[in-house]
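The following explanation considers how parts of one chain are held against each other. Please examine the sequence and the model before reading on.

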Amino acid sequence: MSEKWAETVRSSELVLPVGVTLPDTPPWIFSTDDAAADTYYEATMFDQVALQYSRCAWLKEELGSIPAGQLRAPADDGVYAEVEASFEEALPATSQSEYQEYQQVLTDEAAQLGVSSAELEYADNCMLYTGEAN
């Protein structure tokens, strides 16, 4: 498991925020004591987890740049817009339309909750990756 994750990290061309790197150790979802675990995951699973980690890093970067109490759509920033487009393009073709629909749902729900869509997406999708969730 560690070897497959290490290869994913070595071969990754993902652009991450300054000072952020993919973790050296596999994320918790790959932790198991089962020797046959290498057969549990699709070949692209490691790349998809790295892609999601990248997305979460950019969401966290974006959230850190929003002054308290001020709502701002994540795509307002030019750099973030480029990262957003790259993320969507890197998704499997079958997932791209689902991703667009999901982003619309996030925007609608975030408006109802009075938070930014970045805050909602980070809470829903990233806290398990970062270890912030209990």
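**A helix crossing and a disulfide**

Helix 2 and helix 5 cross with a left-handed sense. The coordinates discussed here belong to a predicted model. Two packed helices are described by the angle between their axes and the distance between those axes. For helix 2 and helix 5, the angle is about 140° and the axes lie 10 Å apart.

Helix 2 contributes Gln-52, Arg-55, Cys-56, Leu-59, Lys-60 and Leu-63, while Ala-118, Glu-119, Glu-121, Tyr-122 and Asn-125 come from helix 5. By residue class, the contact of helix 2 with helix 5 comprises five nonpolar, two polar and four charged residues.

A disulfide is a covalent bond between the sulfur atoms of two cysteines. The structure contains one disulfide, formed by Cys-56 and Cys-126, with their sulfur atoms 2.1 Å apart. Cys-56 belongs to helix 2 (residues 45–64), whereas Cys-126 sits in the loop between helix 5 (117–125) and helix 6 (127–130), so the pair ties together parts that are 70 residues apart in sequence.

The geometry and surroundings of this link complete the description. The angle about the S-S bond is -85°, and the link of Cys-56 and Cys-126 is left-handed. Both Cys-56 and Cys-126 are buried.

Key. Residues are numbered from 1 along each chain as its sequence is written. This is a predicted model: local features need pLDDT of at least 70, side-chain atom pairs count only at pLDDT 80 or more; totals for chains, interfaces and linings use all residues. Side-chain values use heavy atoms; hydrogens and water are left out. A disulfide is a pair of cysteine sulfur atoms within 2.5 Å. Helices (H or I, at least four residues) and strands (E, at least two) are DSSP runs, numbered from the N terminus. Buried means under 20% relative accessible area, exposed over 50%, partly exposed in between (1.4 Å probe, protein chains only). Axes are lines fitted to C-alpha atoms, for helices over the stretch in contact, and angles run from 0 to 180 degrees between N-to-C directions. A crossing is left-handed if the near helix is turned anticlockwise from the far one by less than a right angle, and right-handed if clockwise. Contact means heavy atoms within 4.5 Å. Ala, Val, Leu, Ile, Met, Phe, Trp, Tyr, Cys and Pro count as nonpolar, Asp, Glu, Lys and Arg as charged, and the others, Gly among them, as polar.
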